[in-house]
Structures are given as C-alpha cells and as structure tokens.
Amino acid sequence: MIRQCRGILLFEVLDIRNSLTIFWSILIACMALSYGIQLSAGGNLTVSSGMAVYIFSSIAGFLTVKETYPFSIKMGATRRNYYVTTSLFLLMLALFMAASHTVLIMVLEAMEAFGPGELKLFYLSMILESEFPYLTNFYVDTAICFFLQAMFFVLGSIFYRFGLLGGYAAIGLAAVLLFIPAVRDEFIAVIFKFGGEQALAYHGGLMGVGALLLVLGWFILIGAAAKSVMTR
C-alpha cells in the first residue's frame with residue numbers, strides 16, 4: 001500500500017510540476033513588470049497576487065481527477081489508495097501555494113521598503129491586522145487554497161463520473177440555492193465573518209469544510225470507471 005501511494009503521489013507531483021513552473025514564472029514576471037511600470041511612471045501602484053493563486057488552486061483541483069485518476073486506476077492502483085494519496089497531495093499543494101505566495105509577498109515588500117519605488121501590495125490577511133502578518137498570510141492562504149482545491153476536486157469528480165449533464169446540474173443547483181433570499185443572506189453573512197474578530201477560527205473551519213468535501217468526493221468517485229463519461 002505504501003509503495004503504491006508513493007508512486008501515485010510522485011506521479012501527481014510530476015504531473016503538476018510544469019503547470020506550477022509556468023504559473024509562478026508568469027506571476028513573478030507580472031509583479032516585476034508592475035514594479036518596473038511604477039518606477040518609470042511614478043506615483044503609487046497597488047497590486048494583488050492572491051486572486052491569481054486562488055484561481056490556479058481551483059483549476060488544479062478541478063483537473064486533478066481528469067489528469068491522474070484514469071492513469072492511476074489503469075496502472076493497478078486501488079481507488080482507496082488513490083483517494084487517500086490525492087487528499088494528501090491536495091493538502092501538500094495548498095501548503096506549497098501558500099508558502100510560495102508568502103515568500104513572494106515578503107520579497108516584494110522588501111523591494112518596496114528598500115527600493116526607490118512606491119509599489120503597494122494588498123493581500124487578504126492584511127485586513128486581519130495580525131502581529132505576525134506573514135505567518136497569518138500563510139495560514140489564511142493554506143485554508144483558502146485547500147478549500148478551493150477540495151471543492152473543485154469534488155466538482156471535477158462529478159463531471160468525470162456523470163458527464164456534462166451531472167456537472168452542469170450541480171452548478172445549476174448551487175446557483176439556484178444562492179437565489180433563495182435566506183440562503184443568499186446567510187452566505188453573505190458568513191463571507192463577512194472571515195474578516196472579523198473570529199476570522200482565524202473561521203479559516204480553520206474552512207479547512208474542516210474542505211476535508212468534509214473530500215469525504216463526500218470519495219462517495220462520488222468510488223464507483224467511477226477508469227474512463228470518464230465523456231470518453232466512454
């Protein structure tokens with residue numbers, strides 16, 4: 001079991017390595033370009049890299065099933081080993097994305113402090129006014145990235161097993177629920193709590209919700225074939 005899980009994890013890491021390299025190269029280049037524009041044009045320029053990190057995490061979670069599940073099952077991996085390993089992989093990916101983003105923020109703020117420019121950064125943990133902003137940013141980014149990866153992994157599992165009809169039905173159901181006033185108001189209230197006094201606890205709860213979503217995803221993917229509905 002351990003050897004099989006190790007092989008699945010290695011395959012998933014190698015599968016996403018090129019995507020991670022391209023993403024971070026583009027993001028760093030964009031930040032460097034923004035700094036260069038600010039130096040040449042003068043004035044203040046505010047940039048934010050957090051949204052790009054969250055979007056990439058969502059896409060990575062969605063594509064994980066399609067890219068790794070068929071190959072792993074065809075190579076003889078059990079569904080249980082695949083799912084346990086993939087859950088660990090998503091957590092590791094969230095930690096990596098959060099750590100890399102925090103390091104990028106530290107470097108850019110150092111350039112802002114000691115360089116000639118006036119580049120201003122905005123990242124989500126700034127609104128929490130923590131005594132340890134970088135550690136808080138790492139914690140918040142980990143929670144958000146893990147939640148998004150888990151949520152879109154489940155959505156990708158639905159598309160994989162039930163095809164376009166099942167996937168779009170799930171998205172439509174979620175959209176309909178948000179149109180219900182009581183659900184919409186509660187959803188908005190919960191969103192604002194992530195910037196309040198209990199924000200750190202809420203982000204911890206967000207990771208718990210992500211873990212529950214992965215448990216739900218197990219029941220969706222356990223009966224899935226080695227080929228998706230789209231290719232059968």
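This is a predicted model: local features need pLDDT of at least 70, side-chain atom pairs count only at pLDDT 80 or more; totals for chains, interfaces and linings use all residues.
A polar contact is a pair of N or O atoms within 3.5 Å; within protein, one must be able to donate a hydrogen and the other to accept it, and residues adjacent in sequence count only if both atoms are side-chain atoms. Residues are numbered from 1 along each chain as its sequence is written, and side-chain values use heavy atoms, with hydrogens and water left out.

**Around Gln-4**

- Gln-4 lies in helix α1; helices here are DSSP runs (H or I, at least four residues), numbered from the N terminus.
- With a relative accessible area of 27%, Gln-4 is partly exposed, a class between buried (under 20%) and exposed (over 50%), using a 1.4 Å probe and protein chains only.
- Leaving aside residues up to four places away in sequence, Gln-4 touches Gly-76, Ala-77, Thr-78 and Asn-81, where contact means heavy atoms within 4.5 Å.
- The C-alpha atoms of Gln-4 and Ala-77 are 6.7 Å apart in space, although the two residues are 73 apart in sequence.
- A polar atom of the Gln-4 side chain also lies 3.5 Å from the backbone oxygen of Gly-76.

**Aromatic pairs**

- The whole structure holds nine aromatic pairs; rings of Phe, Tyr and Trp (its six-membered ring) pair if their centres lie within 6.5 Å, and planes under 30 degrees apart count as stacked, over 60 as edge-to-face and the rest as tilted.
- Phe-23 and Phe-56 are stacked, because their ring centres are 4.5 Å apart and their planes meet at 25°.
- Phe-23 sits in helix α1 (residues 2–41) and Phe-56 in helix α2 (residues 50–74), so this pair ties together parts that are 33 residues apart in sequence.
- Phe-23 and Phe-56 are both buried.
- Tyr-69 and Tyr-82 make an edge-to-face pair, with 5.1 Å between centres and 75° between planes.
- Tyr-69 belongs to helix α2 and Tyr-82 to helix α3 (residues 79–114), so their pair ties together parts 13 residues apart in sequence.
- Tyr-69 and Tyr-82 are buried.
- Phe-23, Trp-24 and Phe-56 are linked into a cluster by ring pairs.

**A residue of helix α2**

- Leu-63 has its place in helix α2.
- Leu-63 counts as partly exposed, at 34% relative accessibility.

Notes: Helices (H or I, at least four residues) and strands (E, at least two) are DSSP runs, numbered from the N terminus.
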